[in-house]
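Thanks for coming, everyone. Please bring the structure up on your screens, and keep the sequence beside it.

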Amino acid sequence: MKMIIDGKKVDSVSGMTFDVTAPATGEVIESVPKATAEDIETAITAAVKGQKVWEGYPISDRAEILYKFLHLVDENKESLAQTLSAENGKPINEARAEIGNIKIGFSGFIEHAKHYYGEIIPPGTEAGQATHMQLVTREPIGVVACIIPFNFPCDLYDQKVAPALMMGNAAIVFPSSDNPLTLMRLTEMLVEAGVPNGAIQCLTAPGSVKSAAVSDPRVHLVTLTGSTEVGIDTAKIAAGNLTHTALELGGNDAFIVLEDGDVDLAVEEMIWGRMYNTGQVCCASKRFLVHNSIKDEFARKAVARIKQLKYGAPKEEDTQIACLISEKAAIKVEEQVELTVKQGGKLLMGGNRNGAYYDPTVITDVPKTADVAKDMEIFGPVVPIIGFDTDEEAIEIANSSIFGLSSCVFSRDQKRAFRVARAMESGGAVINGASFFRSFEMPFGGWKHSGIGTEGVMSTFNEMTRVKVIVLKNIID
């Protein structure tokens with residue numbers, strides 16, 4: 001498969017490639033170009049030119065082109081889902097759901113763009129301004145570098161590319177090197193639908209090669225979803241040119257069950273909020289804070305419920321838990337579980353690895369001093385259970401982390417749950433549901449080391465545009 005640069009399918013100028021392998025089997029699926037800084041330079045040059053062309057399209061024309069894209073996605077939805085499942089290792093039904101989300105995400109941004117109006121500051125609003133009118137408009141920010149992670153590549157493509165294009169920007173997509181194929185195909189479809197040359201491009205640039213885009217002064221916004229470490233490094237590079245950044249980073253979300261919480265409901269939400277995508281979710285619940293009076297009941301029921309899940313190959317129709325993105329990722333989870341047990345946790349189930357597969361794991365009696373109780377984010381199907389005695393202690397543990405992406409609390413007392421939700425230092429808080437909650441409409445983003453800015457139909461256009469005030473001086477006699 002080729003990169004898309006300036007509307008064409010191309011190889012890297014170096015001629016080098018790298019393999020994309022199926023994590024479930026280790027088999028090579030496809031070889032893709034290994035982009036260089038020279039390729040990125042070419043893409044940015046094309047983006048600068050293409051953005052000016054695309055900006056000239058009326059919003060209604062941009063919308064029509066993106067709807068043509070959605071039609072192409074619908075025609076190819078099964079092949080896209082099969083590709084996503086194979087390269088990502090996620091169960092096929094989850095892959096189909098993610099492909100189905102493309103229509104929801106893109107159409108949300110398309111329709112909102114039609115109603116994203118400017119504002120007027122009327123004459124006389126302020127003393128001395130009686131004869132002047134001020135028009136507040138939003139203009140495209142320019143060239144947007146979209147750095148997209150492996151875990152939900154299509155969902156994040158929707159969140160970044162759709163608003164960038166609808167606001168008249170050029171988007172350069174940098175997919176994860178682990179699984180770029182689906183996004184490369186989606187970019188081909190956008191070109192086929194009519195997005196002009198340079199306005200949408202896709203480069204397969206492993207590792208730090210992407211920094212060539214972040215450091216280029218012609219890039220006006222870097223929108224990145226990834227680890228906190230990568231986000232901080234990206235922000236430092238972008239600061240050299242005062243380039244705007246929107247960063248959705250790591251999380252270690254607290255899942256609090258108060259003593260009056262519905263344990264059965266909490267267990268079901270744990271399945272959804274921790275086992276989905278084999279635990280590889282930024283806003284997954286990752287620290288399970290359960291009141292000591294019901295901790296053993298929760299642990300027992302969690303083990304029993306997890307054992308009911310079908311654990312197998314991603315391509316199987318009934319698989320619910322599959323492999324991680326790579327063996328390297330599984331080894332890291334293995335090491336983190338071993339550390340948590342060493343620090344006092346008691347292993348109730350799991351703890352085994354086979355290649356890229358890591359068994360669903362439950363650890364109880366984890367002390368609140370353990371790394372996982374604070375800042376160690378486990379990106380896999382692991383449930384560490386930490387006991388507490390009071391609401392205040394639970395809040396203290398929850399807020400002890402450098403992260404603050406999302407959170408949740410379970411209680412039959414809505415007022416009590418609301419108080420705890422408000423006290424947690426996070427960008428989102430779910431009451432009686434797992435922290436894994438993200439609609440396309442809502443502004444999604446974290447506090448502290450979990451990010452800068454928000455994404456969603458409600459807020460992304462603010463990130464993707466610049467404010468301009470046009471003053472009609474002395475327009476009123």
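I'll go through one arginine, then ring pairs, then salt bridges.

Some ground rules. This is a predicted model, where local features need pLDDT of at least 70 and side-chain atom pairs count only at pLDDT 80 or more, while totals for chains, interfaces and linings use all residues. Residues are numbered from 1 along each chain as its sequence is written, and side-chain values use heavy atoms, with hydrogens and water left out.

Start with Arg62. Where does Arg62 sit? Look in helix H2, residues 59-75. Helices here are DSSP runs of H or I with at least four residues, strands are runs of E with at least two, and both are numbered from the N terminus. Is Arg62 buried or exposed? Arg62 is buried, because its relative accessible area is 7%. The cut-offs: buried is under 20% relative accessible area, exposed is over 50%, and partly exposed is in between, with a 1.4 Å probe and protein chains only.

What does Arg62 touch? Leave out residues up to four places away in sequence, and the contacts are Trp54, Glu55, Tyr57, Leu165, Met166, Met167 and Gly168. Contact means heavy atoms within 4.5 Å. Now find Thr42. Thr42 and Arg62 are 20 residues apart in sequence, and their C-alphas are 24 Å apart in space.

Next, the rings. Rings of Phe, Tyr and Trp (its six-membered ring) pair if their centres lie within 6.5 Å; planes under 30 degrees apart are stacked, over 60 edge-to-face, the rest tilted. How many aromatic pairs does that rule give? The count is 16. One of them is Phe69 with Phe106, a tilted pair, 4.9 Å centre to centre with 45 degrees between the planes. This pair links distant parts of the chain: Phe69 is in helix H2, Phe106 is in helix H4 (residues 92-113), and they are 37 residues apart. Phe69 counts as buried because its relative accessibility is 0%. Phe106 is buried too, at 0%.

Move on to Tyr116 and Phe461. Their ring centres are 5.2 Å apart and their planes are at 65 degrees, so this pair is edge-to-face. It also links distant parts of the chain, 345 residues apart: Tyr116 lies in the loop between H4 and strand S5 (119-121), and Phe461 lies in helix H14 (residues 460-463). Phe461 is at 1% relative accessibility, so it counts as buried. Ring pairs link Phe152, Trp272, Tyr276 and Phe436.

Last topic: charge. A salt bridge puts a side-chain nitrogen of Lys or Arg within 4 Å of a carboxyl oxygen of Asp or Glu. The structure has 28 of them. Take Glu78 and Arg96, which meet at 3.0 Å, N to O. Glu78 is in helix H3 (residues 77-88) and Arg96 is in helix H4, 18 residues apart. Glu78 is partly exposed at 35%, and Arg96 is partly exposed at 26%.

Now Lys90 and Glu98. Their side chains form a salt bridge at 2.5 Å, N to O. Are these two buried or exposed? Lys90 is buried, at 2%, and Glu98 is buried, at 2%.

One more bridge joins Asp264 and Lys301, at 2.9 Å, N to O. Asp264 is in helix H9 (residues 263-275), Lys301 is in helix H10 (residues 295-306), and 37 residues separate them. Asp264 is partly exposed at 44%, and Lys301 is partly exposed at 25%. Finally, salt bridges with shared partners join Lys160, Glu248, Arg438 and Glu455 into one network.
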